[in-house]
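User: Please take a close look at the ligand surroundings in this model. Which residues line them, and of what class are they?

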Amino acid sequence: MANENSKNRKAILVTPELCIGCRACQVACKSWNQLPGIKTKNNGSYQNPPDLASAAYNIIRYNEVPSQDNPVRWLFVSRRCMHCDDAGCMKICPSGALYKTDEGAVAFDRDKCIGCKLCVTACPFDVPRYDADGKVTKCHLCFDRIGAGMSPACVKTCPTGALKYGDREELISTARKDGFATLYGEQDLGGLGSVYAFKEEPKLYGMVENPAIPSSVNFWHTYLKPLSVIGLGGVVAAAAIHYLAIGPHKDNEEEV
Ligand code: SF4
Ligand code: SF4
Ligand code: SF4
């Protein structure tokens, strides 16, 4: 189902074949959002940090694939929140901490986050992370910048055009005219706000195949969440669904 704000819907178009892996987008995001550095270990890859983290809203994934001409072929791709139209994180969030802006960005209000981590289980792309206070963090499509008519910090800094920001329909139409056979995210989950233009198979770049919201999340959204609004209480309801879905609460397992 299309977002009621789809006429105004903005998006980031990611074109991995233009990405040179410079990671300026990672740095720009950290700078704009004042995110601290992360201590990581060398695990045999130039990819750093190894995955999204509370202080890393986007990363460049370094996919190493076999090649006839070179010992290794690198396929760089930006990993970030997809800003789903049908967003599992928003569907399950019992406190309203995750919300959608007029431009279609899925943003968060950390003051409303109760730290239940349900959004982690509901996200088909394993995006939400938690900070040291147990509050949700993730890419918010620079809602503060785009709301003021600017482009997201990562897009602004990308030197090659691998990241573009603008009207979602126009970005898709231009990418199609430019000969990109696959527009990953054009239709998935109601249409993603991070659309990827590929000439090769998306799975070569490690993209999630057929992303879907877990059925337990849809059940929660349809039958149990309204109860929490009526009076069961968001925290109690969240605790119940958390226990049913993923078992007893564990401490934050994010890397140090
Ligand atoms: S990618 Fe995950 S965190 Fe981002 S909007 Fe979709 S469900 Fe939410
Ligand atoms: S859109 Fe903003 S918050 Fe999201 S990855 Fe880019 S710079 Fe970071
Ligand atoms: S700034 Fe652009 S070219 Fe550099 S790593 Fe990010 S997406 Fe790739």
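Analyst: The shells of the two ligands come before a few other sites. This is a predicted model, where local features need pLDDT of at least 70, side-chain atom pairs count only at pLDDT 80 or more, and totals for chains, interfaces and linings use all residues. Residues are numbered from 1 along each chain as its sequence is written, chains are lettered from A and ligands numbered from 1 in the order in which they are written, and side-chain values use heavy atoms, without hydrogens and water.

Start with ligand 1. There are 14 residues around ligand 1, and Cys81, Met82, Cys84, Cys89 and Cys123 come nearest. A residue counts as near if one of its heavy atoms lies within 4 Å of the molecule. By class, this shell has 11 nonpolar, 2 polar and 1 charged residues. Nonpolar covers Ala, Val, Leu, Ile, Met, Phe, Trp, Tyr, Cys and Pro; charged covers Asp, Glu, Lys and Arg; the others, Gly among them, are polar. Ligand 1 lies between domain 1 (11–83 + 149–205) and domain 2 (88–140 + 212–246), because both give residues to its shell. The domain bounds come from an automatic or database domain assignment.

Now ligand 2. The residues around it include Cys29, Asn33, Arg80, His140, Ala153 and Cys154. Helix H1 (24–33) and helix H5 (153–157) each give two or more residues to this shell. Helices are DSSP runs (H or I, at least four residues), numbered from the N terminus. The shell of ligand 2 has 8 nonpolar, 3 polar and 1 charged residues.

Elsewhere, arginine 9 and aspartate 167 are 158 residues apart in sequence and 6.2 Å apart in space, C-alpha to C-alpha.
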